[in-house]
Amino acid sequence: MTTSRNTARQGATARQATAQDREKVAADVRRAVEDAIWAPSVHNTQPWRFEAHGTRITLSADPDRRLDVADPQGREMLISCGAALYTLRLSLRRMGYRPVVHPLPDPDRPYLLADVDLEPGDPPDASVEHEHAQIRRRHSHRGGFRPEPVPAGILTTLRHAAEKEGARIVQAVDADVKGALAALTAAAEHVQRRTPAYATEIARWAPAPGTSRRDGVQEDSYPRRTPPTAPHFPARDFARGHGWGAEPPGEGAAGVVLLLVTPDDTPADWLRAGQALQRVLLRATEHDLAAAYHTQALQVPDLREFIRTQFCGDAHPQLLLRLGVPVGTSLRSVRRPVDDVLTQTGPA
Ligand SMILES: Cc1cc2nc3c(=O)[nH]c(=O)nc-3n(C[C@H](O)[C@H](O)[C@H](O)COP(=O)(O)O)c2cc1C
């Protein structure tokens, strides 16, 4: 009698523990997605969806949020989702899980980007904690940088960060190369401003002030006037002549000019590029550096091809960035609520 009562009690305790475990996993998954949505994304489209079933999280791209004109292949959409995937992995590691990622698990479903299985892992070390602390500190910059050079040791750290995710950083050191990249950016920006389809697409993702939307590049995310740098990399025309934008910061330098490149140009490379981007950005943020993005030329196929053949060796350019300690206060950006992007079902 006593024995069977003990067994029944143990069974109830085990079931309770399992229910508690399930609740904990569900809460941890939610926290990880709450972190992941702070990743950067092209025009703040936030083109991701997360589905969690027990200990599996599935990341998909949301093609309704793709830039059909500037990004018809969805390359930048996948880079953005890759940045969210890296953030998700980091957040899970910080909670003591070992995230096991199966990228692009079904060739018949190209928007299904990754299954992530949660395995028990090690307690996080200080470097994971430190990197995790940068997730909400990281912001895109749209202006100049302080003139002091970025120390070589930090650039080496960033190079390693990119390589760990299967990408590479190519730094434009030569003044002529920097000048050429700035000129190509200007040419692409010119083409995009003059092409109605591009301009309409920018308008869709740069809402007027006062909007209640929680996506897009909003008025306090860009300066009213972009201070010139030498060489000058033109900014996107988010204000479209309306005079919108935050108080402009003072003038600064162009900063370190970098291309993030991958060995090939497949969806798997784009996903890797995004993970590398976010790993680099978070390590950079630890040193109070920020990045400005100039992806206009990479959205114009002929110019992207020119950059590839002239400046990237055998690799494929995925992002063009300027990096440094920003001049001025950091700009703000918004995110959709986690319930808009996360569906949770099922047992752990
Ligand atoms: C693939 C990609 C391309 C981007 N291209 C540009 C760009 O050309 N110009 C720009 O100002 N910002 C660009 N951004 C930055 C996004 O606009 C920014 O991440 C988004 O607005 C969210 O703001 P946050 O990074 O400050 O959180 C890009 C970001 C990604 C991931």
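**Entry 1: helix α2**

I began at the end of a helix: G96 follows α2 and has a positive phi, near 90°. The model is a predicted one, and I keep that in mind throughout.

I then checked the length of α2. The helix holds 20 residues. From first C-alpha to last I get 29 Å, close to the 28 Å expected at 1.5 Å a residue.

Is α2 enclosed or open? I count 18 of its 20 residues as buried, so the rest of the structure largely encloses α2. My cut-off for buried is under 20% relative accessible area.

**Entry 2: helix α7**

Next I looked up α7, residues 267–286. Its 20 residues should span 28 Å at 1.5 Å a residue, and the end C-alpha atoms lie 29 Å apart, which agrees.

I find α7 mostly covered, with 16 of 20 residues buried. Just after α7 I note D288, which takes a positive phi of about 65°.

**Entry 3: the largest pocket**

I turned to open space. The largest pocket holds about 650 Å³. I list 36 lining residues. S41, H43, S140, R142 and Y293 are the ones nearest the pocket centre.

Which elements give two or more residues to this lining? I find α2 (75–94), β7 (290–293) and β8 (316–324). The largest share is three residues, and α2 supplies it.

I sorted the lining by class. It has 15 polar, 13 nonpolar and eight charged residues.

I moved on to the second largest pocket, with about 260 Å³ of space. It is lined by 18 residues. I mark Q73, R75, L298, P301 and R304 as the closest to its centre.

I checked which elements line it. At least two residues come from each of α2, α8 (301–311) and β8. The largest share here is four residues, from α8.

By class I have eight nonpolar, seven charged and three polar residues in this lining. I also looked up the domains: domain 1 and domain 2 each give at least three residues to the lining of the second largest pocket.

I went back to α2 across my notes. It gives two or more residues to the lining of the largest pocket, and at least two to that of the second largest pocket. I note β8 for both linings as well.

Terms used: Residues numbered from 1 in each chain as written. Predicted model: local features only at pLDDT ≥ 70, side-chain atom pairs only at ≥ 80, totals over all residues. Heavy atoms only, no water. 1 Å grid on protein atoms, 1.4 Å probe; cavity = no way out; pocket = protein on both sides within 12 Å on 5 of 7 lines; lining within 4 Å. Points joined across faces, edges and corners; volume = space filled by probe spheres on them. Nonpolar A, V, L, I, M, F, W, Y, C, P; charged D, E, K, R; others polar. Domains from an automatic or database assignment. Expected span 1.5 Å × (residues − 1). Buried < 20%, exposed > 50% of the residue type's maximum accessible area, 1.4 Å probe, protein only.
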